[in-house]
Amino acid sequence: RPFFGQILKGELAYVTGKYFAYKSTVDRNQDGYVDNYGEAQADHVRWALGLDFNVLKTEVSVGVMQWIIPRYDPGLIQPQYDTSYNLFIRKDLPERRAVFQLLGIYSQNMKEGYLRPRLTFTMTDRFQITGGMDLYAGQKSQTGVGTVNGDPTQVVAIVQRYRFFGNFNHNDRFVMEFKYNF
């Protein structure tokens, strides 16, 4: 809805019976195996709030999104609250027949992010050239067990860590796109 000349948007969902994974250390009945085959069903709430506005002839969209598991089991991999923020910027550059776009996403819980700047030049009505980057930040996922000094006979438990963008850290890339419509 328009809100003082801006667009305020929101979303709310209640999801029943979603499957979540247990941490590999959850063995409450002490049978030597992860409980419930490593999964548990739980309801969760998802909500998002965003604001779109225009400043200095630039479109800006900011938002926050969160998952909440009301009846939380501390044995789950997923945290009870999972919050992320996003930013999208679009600026027309008519004197250059170009458009700049920037997408940014940051996960507060995982302390990881993604940044995607793009610059598109319209060469003709049918031909465009886009250049940009995909930039990732964060730690990689870490699961299973580790060894002491690489010795496979000395196995130790490690802190379990599950990530998304962090798995692509050190894999940033430049991208180039040539688009011809016919």
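This is a predicted model: local features need pLDDT of at least 70, side-chain atom pairs count only at pLDDT 80 or more; totals for chains, interfaces and linings use all residues.
Side chains of opposite charge can pair when their charged atoms come close.

In one of the pairs, the side chains of Asp73 and Arg28 form a salt bridge with an N to O distance of 2.6 Å. Asp73 belongs to the loop between strand 4 (58-68) and strand 5 (81-93), whereas Arg28 belongs to the loop between strand 2 (6-21) and strand 3 (39-55), so that this pair ties together parts lying 45 residues apart in sequence. With a relative accessible area of 18%, Asp73 is buried, because the limit for that class is under 20%.

A further salt bridge joins the side chains of Arg90 and Glu59, for which the N to O distance is 3.7 Å. Here the residues are placed in strands, Arg90 in strand 5 and Glu59 in strand 4, and the pair therefore ties together parts that are 31 residues apart in sequence. Both partners are partly exposed, Arg90 having a relative accessible area of 23% and Glu59 one of 39%.

The side chains of Asp134 and Arg116 likewise meet in a salt bridge, at 3.7 Å from N to O. Because Asp134 lies in strand 8 and Arg116 in strand 7, the pair ties together parts that are 18 residues apart in sequence. The accessibility of the two partners falls into separate classes: Asp134 counts as buried at 1% relative accessibility, while Arg116, at 33%, counts as partly exposed. These two residues also take part in a network of salt bridges that links Arg116, Arg118, Asp134 and Arg173.

Strand 7, spanning residues 112-122, and strand 8, spanning residues 127-137, run antiparallel and are joined over 8 bridges, and the two strands form a hairpin in which 4 residues stand between them. Within this pairing, Thr122 has Gln128 of strand 8 as its bridge partner. Strand 8 is also joined to strand 11 (residues 173-180), again in the antiparallel sense and through 8 bridges, with Gly131 standing opposite Met176 of strand 11.

Thr130 is likewise located in strand 8, where this residue is buried, its relative accessible area being 9%. Its side chain makes a polar contact with the side chain of Thr120 at 2.9 Å. When neighbours within four places in sequence are left aside, the residues in contact with Thr130 are Arg118, Leu119, Thr120, Val175, Met176 and Glu177.

How values were computed:
Residues are numbered from 1 along each chain as its sequence is written. Side-chain values use heavy atoms; hydrogens and water are left out. Two strands pair if DSSP finds at least two bridges between them. A salt bridge is a side-chain nitrogen of Lys or Arg within 4 Å of a carboxyl oxygen of Asp or Glu. Buried means under 20% relative accessible area, exposed over 50%, partly exposed in between (1.4 Å probe, protein chains only). A polar contact is a pair of N or O atoms within 3.5 Å; within protein, one must be able to donate a hydrogen and the other to accept it, and residues adjacent in sequence count only if both atoms are side-chain atoms. Contact means heavy atoms within 4.5 Å.
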